[in-house]
Amino acid sequence: MYKLKYKYWGISSLSLLILIFSFTPLSNQEIKPQQNLVEVLKSLGQEYPEHYIENPDSMDIKRGYDLIHVGKTTPPDGFASNAISKFYTCTSCHNVEREDPDLTLVDQDARLEYAMKNELPYLQGTTFWGAVNKESWYNDDYVLKYGSLVEKASGSLKESINLCATVCSQGRELEDWEMKSILSYLWSLQMKVEDLDLSEKEIDHINTLAESDNDSAIAFIKSHYLTKSPATFADLPESKEKGYPFEGRPQYGKAIYELGCQHCHHAYGESDLVLDNSILTFKWLKKHMPENSKKSIYEIIRNGSYSELGHKEYMPNYTLEKMSHQQVEDLRAYIESNLK
């Protein structure tokens, strides 16, 4: 009888211990490089973002991939969805891979070199890789210039996606299942602790902070990546004839032309204007360079173009963070080097 009671007490105690440890906060456990960043921050007391999706379904991820890369997919209860936009897909302006070797700062040349090394497009939009880990999307000068149009989107990934679909892509609003699918796919592109390139000493420091000061641990983690993509609308040079006061580097300009311009401006691409590698094309670009029109590389890079009646598609501008003044001169130097 006593042995039987002891046996049941042992089972109950074991069950209680399992229950206790299953709910032990991660802040009392060791943080590992392979962990998803959002889960580590949650364990330290930060709430999940409103766009969070727990354990995304594999079919939703597949549909989201299609919507991002192709613009349409097979709905849960149908044969084929309508295209979100007749003109663009999300990857017209956004990569889906890491773009920056250092996640803590804006370094245009480092980003361009990373794109060259990894054969990535050099685009106006911020990559979707790690987008779910950001805390703001349409930022800074987008808010200053467009005001109420982007106000909600600046603090909401869902609103940003719909704004991109309806305005930037000149398409339609997403259905609920499409939004869920896109978010599911984006969560498959989330950052892990190891992506922050922390040293063992820094990870140990986070674990030490997590034992007594969660807020400091969160702040330390966030100091190793940008929680938004800064956006500064840059001015045109005082003289397009002279350009910006930098000496152009044709080798970088070649990369910008091929990875940036030709990403959309190729045969059967998003743009009606085809920029090939012919002398005629480089002569045309050189001729229009000093003009006050969207045919000038200065005007189109810095100001973009606008939707017009009968021609809804347009080109977004490159912010200063996405293409520096130096890099604009690099592009010019490459164009001119093909005419010597």
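The exercises below, each with a worked solution, concern the predicted model of one protein chain.

Residues are numbered from 1 along each chain as its sequence is written. In this predicted model, local features need pLDDT of at least 70 and side-chain atom pairs count only at pLDDT 80 or more, while totals for chains, interfaces and linings use all residues.

**Exercise 1. Confidence and overall make-up**

Determine the mean pLDDT of the protein chain and its secondary structure.

Solution. Step 1: pLDDT is the predictor's confidence in each residue, from 0 to 100. Its mean over the protein chain is 91, and 91% of the residues reach 70 or more. Over residues 1-27, however, the pLDDT is below 50. This stretch has 10 contacts (heavy atoms within 4.5 Å) beyond near neighbours in sequence. Where pLDDT is low, the predicted coordinates should not be read in detail.

Step 1: Helices (H or I, at least four residues) and strands (E, at least two) are DSSP runs, numbered from the N terminus. The protein chain has 14 helices and 0 strands.

Step 2: Along the principal axes, the C-alpha atoms fill a box of roughly 100 × 50 × 35 Å. Of contacts between residues at least 6 apart in sequence, 69% join residues at least 24 apart.

**Exercise 2. The setting of helix H8**

Solution. Step 1: Helix H8 covers residues 176-187, and its 12 residues reach 17 Å from first C-alpha to last. This is close to the expected 16 Å, where the expected span is 1.5 Å times one less than the number of residues.

Step 1: Buried means under 20% relative accessible area, exposed over 50%, and partly exposed in between (1.4 Å probe, protein chains only). The buried residues include Trp177, Met179, Tyr185 and Trp187.

Step 2: The buried residues of H8 pack against helix H2 (37-43), helix H3 (58-69) and helix H7 (157-168).

**Exercise 3. Enclosed and open spaces**

Describe the cavities and the second largest pocket.

Solution. Step 1: On a 1 Å grid over the protein atoms alone, a cavity is a set of points where a 1.4 Å probe fits but cannot get out, and a pocket is an open set with protein on both sides within 12 Å along at least five of seven lines; lining residues have an atom within 4 Å of a point. The count is 2 cavities of 30 Å³ or more.

Step 1: The largest cavity holds about 300 Å³. Among its 23 lining residues, Asp100, Thr126, Lys134, Leu226 and Ser229 lie nearest its centre.

Step 2: The second largest cavity has a volume of about 40 Å³. Its lining includes Asn95, Glu99 and Arg111.

Step 3: The second largest pocket contains about 760 Å³. Of the 36 residues lining this pocket, His265, Ser271, Leu273, Ile300 and Met315 are closest to its centre. Helix H11 gives the most to the lining, with 6 residues.

**Exercise 4. The surroundings of Gly304**

Decide whether Gly304 is buried or exposed, and list its contacts.

Solution. Step 1: Gly304 lies in the loop between H13 and H14. At 9% relative accessibility, Gly304 counts as buried.

Step 1: Neighbours within four places in sequence aside, Gly304 is in contact with Glu299, Met315, Pro316 and Asn317.

Step 2: Gly304 and Tyr314 are 10 residues apart along the chain, and their C-alpha atoms are separated by 7.6 Å.

Conventions:
Heavy atoms only, no water. Points joined across faces, edges and corners; volume = space filled by probe spheres on them.
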